[in-house]
Amino acid sequence: MPLHCCPCRRIKMLLRLSLVLCVVAVVVAKPPYQDQIPNGKLVPHPCNSDLVWNAVGHTNADLGGAQSLNQFGRDFRAEGHAWTQALCQKDSDNDGFTNGQELGDPQCTWRAGTVPVWPPTGHPGIDESSYPCAHMAIG
């Protein structure tokens with residue numbers, strides 16, 4: 001069968017599409033950043049604690065992008081994308097709890113590559129008491 005036949009074209013197109021989707025998934029997710037903060041892969045969604053907020057430093061739970069940084073994301077970037085004493089002690093979302101308290105490191109002793117002592121209790125970039133959950137379709 002010649003290479004220009006329809007089934008071959010479809011297979012080539014599907015392979016290209018698969019490659020593009022893989023690249024997009026890697027660019028959007030930023031797992032290395034999740035590993036740079038305590039419980040970075042376990043931060044609860046403010047509207048449904050059974051879900052996690054994957055893009056912790058962003059206004060969208062699953063998508064990143066420099067334009068969509070929340071205050072915690074801007075503070076994290078200002079600290080060189082590292083968990084520092086200053087970032088831990090800061091209250092990025094002004095909800096009365098430090099970033100360390102919300103991420104399960106109230107003593108600010110956690111280091112990248114170690115297991116946090118406590119689970120996360122909130123989201124460091126979202127004030128849960130004022131986050132508009134009522135209009136959102138979650139799940």
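# Reading disulfides, charges and the core

User: Is C88 buried or exposed?

Analyst: C88 counts as buried, because its relative accessibility is 0%. Buried means under 20% relative accessible area, exposed over 50%, partly exposed in between (1.4 Å probe, protein chains only). This is a predicted model: local features need pLDDT of at least 70, side-chain atom pairs count only at pLDDT 80 or more, and totals for chains, interfaces and linings use all residues. Residues are numbered from 1 along each chain as its sequence is written, and side-chain values use heavy atoms, with hydrogens and water left out.

User: Which cysteine is joined to C88?

Analyst: A disulfide is a covalent bond between the sulfur atoms of two cysteines. The test here is a pair of cysteine sulfur atoms within 2.5 Å. C88 is joined to C108, S to S 2.0 Å. The torsion about this S-S bond is about -90°, so the disulfide is left-handed. C88 sits in helix α4 and C108 in the segment after α5, so the pair ties together parts 20 residues apart in sequence. Helices (H or I, at least four residues) and strands (E, at least two) are DSSP runs, numbered from the N terminus. C108 is also buried, at 7% relative accessibility.

User: How many disulfides does the whole structure hold?

Analyst: A search finds two. The other pair is C47 and C133, with S to S 2.1 Å. C47 lies in the loop between β1 and β2 (48–52) and C133 in the segment after α5, so parts 86 residues apart in sequence are tied together. The torsion of about -85° makes this disulfide left-handed. C47 is partly exposed at 22%, and C133 is partly exposed at 24%. In sequence order of the bonded cysteines, the pairing is 1-4, 2-3.

User: What about charge pairs: how many salt bridges are there?

Analyst: Side chains of opposite charge can pair when their charged atoms come close. A salt bridge needs a side-chain nitrogen of Lys or Arg within 4 Å of a carboxyl oxygen of Asp or Glu. The count is one. D35 pairs with K41, and their closest N and O atoms are 3.2 Å apart. D35 is partly exposed at 37% relative accessibility. K41 is partly exposed too, at 46%.

User: Where is D93, and what does its side chain reach?

Analyst: D93 is in the loop between α4 (85–89) and α5 (99–103). D93 is buried yet has no salt bridge; K90, the nearest side chain of opposite charge, is 11 Å away. A polar atom of the D93 side chain lies 3.3 Å from the backbone nitrogen of I126. Beyond four places in sequence, D93 has contacts (heavy atoms within 4.5 Å) with residues including E102, H123 and I126.

User: Is H123 buried or exposed?

Analyst: H123 is buried, at 0% relative accessibility. Its side chain reaches the backbone nitrogen of G125 at 2.8 Å. Among the residues it touches beyond four places in sequence are W53, N70 and D93.

User: Which residues have the most contacts inside the largest nonpolar core?

Analyst: In soluble globular proteins, nonpolar side chains tend to be buried together. Here the largest nonpolar core has 14 residues, and I37, F72, W83 and L103 have the most contacts inside it. α3 and α4 each supply at least two of its residues. A core is a set of buried Ala, Val, Leu, Ile, Met, Phe, Trp, Tyr and Cys residues joined through side-chain atoms within 4.5 Å. W83 touches residues including I37, F72, C88 and L103.

Note on methods: Lys and Arg count as positive and Asp and Glu as negative; His and the chain ends are not counted. A polar contact is a pair of N or O atoms within 3.5 Å; within protein, one must be able to donate a hydrogen and the other to accept it, and residues adjacent in sequence count only if both atoms are side-chain atoms.
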